[in-house]
Amino acid sequence: MKLKNLLDGVNVKEIIGDENVEITDVRADSYSVTKGCLYICIKGLKCNGQDYVRQAVKYGANAVLTEKPCDTFVTQVIVDNARKAMSIIAANYYGNAHKKLKIIGITGTNGKTTTTQIIKSIMDESGEKCAVIGTNGVFYGNKTVETGMTTPDPLVMHKLFADMVSDGIKYVVMEVSAHALYFDKVEGINFFIGVLTNLTQDHFDFFGNMEEYKKAKKKLFEKGRCKYILANADDPFGQELIKDENALSFGLNNPSDVFCINVKKFINKTEFVLNLFDQIYNIKINLIGEFNVYNVMSAAAVAALCGIKGDNVFKGIKKIKKVSGRMETVYDGDYKVIVDYAHTPDGLGKALRAVKSTCSNKVVCVFGCGGNRDDSKRKIMGKISGENADFTVITSDNPRYEDPMAIIYEIEKGIIPVSKNYVLVSEREEAIKYAINYAKKGDVVLVCGKGCEKYQEKLGIKRLYNDKDTIMNVIGGKEFDKGID
């Protein structure tokens, strides 16, 4: 492909050299450059791709795209924003496959993964070919792709889109993270539906405050980017979004286009009456917690906007047994063990209250906080667990480059004023073992923070680790997998 064709739609300031040079590949990693590549210089948090232009050219790059001219003999494309340019170039390189797909983008602090899985179940029930992109990976047809990111980088994402089109995929349901929006990973993509699940504290280590975090999320809903906007009417940010003329709403507490009544919560299921654009359904799901009612409402609304018949919506919802690592019952015997991804104050509080409202005895919570991330939430989460759990085991999450015990002591500062019923256990495996051994008949052990993650990161090394595997090793039983009776 000629360079000038790759640049279609890119805001180019200047081209130094031949715009008709032939490009055989596009790369943003100098170490992966091959002969004939366009090398895109991306400025990261720790290094600048422009510092590696000489290396990229040595490996065979035919052209480079930068934000500032550099000393090289190959063609240079100068742009204001290399990240935006990369997203558009990636789309062009892979034939703008995204335009042949109906893409549903889901953003929010919590609930994204579960919502995508419910939508996928509904689409499967309807016979529609649907792909999912998110924290747990990429799934379409019989393929599973691990990208290591909630929202893949553009060069990976658009390659996936092209393969999805080849596989006959019609719908793509994707989680769109705040970081992806901030870094313009989805620049140039027009979404069929943009969904807001909620907005609560997260990623303050990067964004600094709620306003900047919200500003990043808001980019998904810029004018003309989504054909439809679907927002949580019970969320303050959602209230802002539903003022848009193309916006629809879901909620429990405020007037909404999609809503539920008669919500009944049980230890293994939730029941409610769903009003889906004036169609009424009696819903019974294996998922627990009021937050999952919101996830079902948004998923059902998305399906309806896609033209899926109500009966298939109902059947698809009913088929969801569990979502891996999201309020997932791993063991159910004399006591119950549940794993959840909750790693924010809002997520932890909702998970604990959901379990507490249906537990016949004590709730034992195991959780920690990640290192080199938002440290302001540590005391808050300690307080939340102290107020809502009967007993807390504070432990490690992904300590990264921080001292695990230093993180644990910060969490402890939040729990001290509200509870004496806690213990500190540095090693996560030992913490889970402690909680399970502590549990009595009728108790629920809630293990939060990592969900279905398959690693633990410490001092730059990711070692194999999984909460569910640890739980089953301690118990010595088989994974629980039971549907609604």
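Two strands are paired here if DSSP finds at least two bridges between them, and strands themselves are DSSP runs of E covering at least two residues, numbered from the N terminus, just as helices are runs of H or I with at least four residues. Please keep in mind that this is a predicted model, in which local features need pLDDT of at least 70, side-chain atom pairs count only at pLDDT 80 or more, and totals for chains, interfaces and linings use all residues. Residues are numbered from 1 along each chain as its sequence is written, and side-chain values use heavy atoms, with hydrogens and water left out.

**View A. Strand 6 beside strand 10.** Strand 10 (residues 171-175) runs parallel to strand 6, and five bridges join the two. Look for Ile 103, which stands opposite Val 172 of strand 10.

**View B. Strand 6 beside strand 11.** Here four bridges link strand 6 to strand 11 (residues 191-196), again in parallel. Gly 105 has Gly 194 of strand 11 as its bridge partner.

View C. Buried means under 20% relative accessible area, exposed over 50%, and partly exposed in between (1.4 Å probe, protein chains only).

View D. For Cys 260, the nearest cysteine sulfur belongs to Cys 306, 19 Å away. Cys 260 is buried, at 6% relative accessibility. For Cys 306, the nearest cysteine sulfur is that of Cys 130, 8.4 Å away. Cys 306 is buried too, at 10% relative accessibility.

Definitions and conventions
A disulfide is a pair of cysteine sulfur atoms within 2.5 Å.
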